[in-house]
Amino acid sequence: MSKLRILITLELLAFLLFLFCCQPQESPPAQEQHQSGLTLSKADFGQMPEGDAYLFHLQNDKGMEVKITNYGATITSIKVPDKQGKLAEVVLGFDSLAQYLGPHHNLGTTIGRYGNRIAGGQFAIDGNSYALSVNNDPNTLHGGAQGFDKKLWTATPIESSDRVGVELNRLSPDLEEGFPGNLEVKLRYWLNNENELHLEYEATSDKKTVCNLTNHAYFNLRGDASGDVQAHLLLINADSITPVDATMIPTGERMAVAGTPFDFRQPKAVGAEIEADHQQLRYGNGYDHNFVLNRQGEGLELAAIVYDPNSGRRLEVLTEEPGVQLYTANWLDVDAGHAGQPYRRRGGLCLETQHFPDSPNQPQFPSTLLEPGEVYATKTVYRFSNK
């Protein structure tokens, strides 16, 4: 072979190598191994006009897995072992950003600025009236038509000596959905090796406003595609509920649960009395009510326990909030959730830790007013076990 041909061949090989190296290569999600056996990884989840969506994958040394996206600050997945050690998906969710961009029934989303309903889509502070987005006629529900569940948050992986997580931030501008004040919100999700997922919320505002943040995860401890949750045993640490009118707004009273289908002070199957002839159940088409928790003081206290006898999985919900909304997916109708599985009515249950619905219009309820210079701060813990 002549020197010219050798030179041409070498140049051709170099050119082909250059082309190969310049092609975009699919890379696995970056993963960090924590010294305690915890792992944290981040992967692309899709693009939106305002930025990129990501999916964060947290895992502990017991095999529990949690996935979170910065779109809606959403818990997309929680997998925990059953009594045989077999992992299963225990929250309802979707596998793609495109699905969350459609009707998503708030599967796992963060709710704000105000969880639950505000009557007539309006309230007043210091004599100033605020008209909100009405999306649950005639009321405002879960922050309005474009609440926090439909926003792209900024996200940063975080870790400490014994847990890993994600911090999510967003600025809710003054009068977003009608709410006053520029609200700076910070949310941290933490996973530890005790099979606990911690939710830590913080917010500050430059004007007087109202704030009531929560998460809307639907739990099915038997597995997200296993049917309804009516055989799940449920305990709620509450002697009363805040009964509602026909539009699901609290009447302002408290109704004792004793002698009613709302008595979950001892473990009872979710479906045991869900079809009972009770006006409150007719209003909600099932359970969709705020339970007034029996709190002993400040800090984290037990709100509820859910147990699935079939799988042996158990969920304890602890919170600093005064109430928890039990919602039994009375209107759920999703054709394709995880792995294309359908979710139908009562296919999950929500335990939304919260201040009471319509508190801005009901001064006898615990206040949700946030003053400039104050810090809204609250925590909730989901603790899983299989014994």
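User: What stands opposite Met255 in β20?
Analyst: Ile241 does. This is a predicted model, where local features need pLDDT of at least 70, side-chain atom pairs count only at pLDDT 80 or more, and totals for chains, interfaces and linings use all residues. Residues are numbered from 1 along each chain as its sequence is written, and side-chain values use heavy atoms, leaving out hydrogens and water.

User: How many bridges join β19 and β20?
Analyst: There are 2, in the antiparallel sense, with β19 covering residues 238-241. Strands here are DSSP E runs of at least two residues, numbered from the N terminus, and two strands pair if DSSP finds at least two bridges between them.

User: Which strands are at the edges of that sheet?
Analyst: β20 (255-256) and β26 (350-354), each pairing on one side only. The open sheet has 5 strands, ordered β20-β19-β22-β25-β26, with antiparallel pairing.

User: Switching to cysteines: how many disulfides?
Analyst: 0, taking a disulfide as two cysteine sulfur atoms within 2.5 Å.

User: Is Cys211 buried or exposed?
Analyst: Buried, at 2% relative accessibility; the cut-offs are under 20% relative accessible area for buried, over 50% for exposed and partly exposed in between, with a 1.4 Å probe and protein chains only. Cys350 is buried too, at 0%.

User: And what does Ile78 touch?
Analyst: Leaving out residues up to four places away in sequence, its contacts include Met64, Val66, Leu197, Phe219 and Phe384. Contact means heavy atoms within 4.5 Å.

Note on methods
Helices (H or I, at least four residues) and strands (E, at least two) are DSSP runs, numbered from the N terminus.
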